Amino acid sequence: MRVAHVITRLIVGGAQGNTIASVLGLRRKAELEVDLISGPSTGPEGSLEPMVSSIPHLLTIVPELVRPVHPWKDWAAFRRLAVIFRERSPALVHTHSGKAGILGRLAAARAGVPIIVHTIHGPSFGSFQNSGANALFAMAERHAAQFTTHFVAVAEAMKQQYLAAGIGKPQQYTKIFSGFDVGPFLSATNDPQLRARFGLTAEDIVVGKIARLFKLKGHDDLFAVAPALVRSCPQVRFLLIGDGPWRARFERRARSFGLQKHFVFAGLIPPQEIPRLVGIIDLLVHLSVRESLPRALPQALAAGRPVISYDCAGAKEVCFDNKTGFLLRPGDLSGLRDRLLQLARDPALRKRFGQHGREFVREQFSAERMVDDLHQLYLRLTRRQPK
């Protein structure tokens, strides 16, 4: 059976890592031939293309498939995708991300592809944007849903949000956690030499945050509580892993607070190096208000590190309050400060939360389990098709 996966771009990110892990794992299934189609991977986030570009006959780049709305390029991308599907005749097209999710499904339907699957990695509409944009994106999703055989939701919260918006029917949804290679995180250690490379000492309590340095990721809230937290616990340091257009802004803010020694900007880190950096943190904080189920949370838990997260979308499906970490109402700055201080001062609590989290993630988030679940879904959908 031939399967084509389509994504808007292969930047460094959770949806992109999920897609690549899925494609590479599914290629090892004897009865599957798997293609990957993407737009160009431009932007300051870095690119995952090298992970797949050297594999013969795997990756096809569609130059017109770009993230911003661009009517001419969008039409050209739609037509190009339809041509590719007609030429290759996949039995199943599996789309990812917003732009590729819409154009890919419509093009697959135009080309007569019998099974069309879409993974919801994150919401395209919600409280993070204005009502006009929400109405437009929800309308586009409802239209594309008419041509969608099945949805994969990486969190139950995504399924419920899309159903509430009138997108699909309950029986069209399957939840499959976004798996990853948990081994390097399970074996991550608190390497003193790596700490020293980032100016961190063995005595520092390191609060990690893995996120693009941009809006909606919650860095402003972390900066808001940092002065009081450092006054109460001077050993606290913040390790910001990631890059983005707001880096200079955040660096200025750290200086304006006199906290430049407490904020470490690690920059863009290759995905294979993330487990080592997670190993040198003491806890992870995740404050994004636009996510499905952020990969940073199970990654930290796999390394035995507790988490603090806003109760946004699927975070509560892995951040179990008072068991693997603390779950807070979005914008609860006093709660954020108090919980950070509590974990900073209580190594035994950090260890207990981390152990609970590691056991859960080891069972639920392996890449192998995700690939097997996708494979079984494909087989079920294929059996339902009329002969």
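How are helix 2 and helix 3 set to each other: parallel, perpendicular or oblique? I found that helix 2 and helix 3 are oblique to each other. My cut-offs are these: angles under 35 degrees count as roughly parallel, over 145 as roughly antiparallel, 65 to 115 as roughly perpendicular and the rest as oblique.

Note on the source: this is a predicted model, where local features need pLDDT of at least 70, side-chain atom pairs count only at pLDDT 80 or more, and totals for chains, interfaces and linings use all residues. Residues are numbered from 1 along each chain as its sequence is written, and side-chain values use heavy atoms, with hydrogens and water left out.

**Helix 2 and helix 3**

I looked up the numbers for helix 2 (residues 71–88) and helix 3 (residues 98–110): their axes come within 8 Å and cross at roughly 50°. Axes here are lines fitted to C-alpha atoms, for helices over the stretch in contact, and angles run from 0 to 180 degrees between N-to-C directions. Helices (H or I, at least four residues) and strands (E, at least two) are DSSP runs, numbered from the N terminus. Helix 2 passes helix 3 in a right-handed crossing, where the near helix is turned clockwise from the far one by less than a right angle. Helix 2 brings residues including Phe78, Leu81 and Phe85 to the contact, and helix 3 brings residues including Leu103, Leu106 and Ala107. Contact means heavy atoms within 4.5 Å. By class, I noted nine nonpolar, one polar and four charged residues in the contact of helix 2 with helix 3. Ala, Val, Leu, Ile, Met, Phe, Trp, Tyr, Cys and Pro count as nonpolar, Asp, Glu, Lys and Arg as charged, and the others, Gly among them, as polar.

**Helix 12 and its partners**

Next I checked helix 8 (residues 219–232) against helix 12 (residues 333–345): they pack at about 45°, axes 9 Å apart. Helix 8 and helix 12 are oblique to each other, and helix 8 passes helix 12 in a right-handed crossing. Among the residues in this contact are Val225 and Ser232 of helix 8, plus Leu340 and Arg345 of helix 12.

Gln342, Leu343, Ala344 and Arg345 in helix 12 meet Pro347, Leu349, Arg350 and Phe353 in helix 13.

**Arg345**

Is Arg345 buried or exposed? Arg345 is exposed, at 53% relative accessible area (buried is under 20%, exposed over 50%, partly exposed in between, with a 1.4 Å probe and protein chains only). Leaving aside neighbours within four places in sequence, Arg345 is in contact with Ser232 and Arg350. A polar atom of the Arg345 side chain lies 3.2 Å from the backbone oxygen of Ser232.

I found His94 in strand 4 (residues 92–96). His94 is buried, with a relative accessible area of 0%. Its side chain makes a polar contact of 2.7 Å with the side chain of Thr119. For a polar contact I need a pair of N or O atoms within 3.5 Å; within protein, one must be able to donate a hydrogen and the other to accept it, and residues adjacent in sequence count only if both atoms are side-chain atoms.

Last one: Phe180 is in the loop between strand 7 (173–175) and helix 6 (183–186). Phe180 is buried too, at 4% relative accessible area. Residues touching Phe180 include Phe185, Pro298, Val361 and Phe365.
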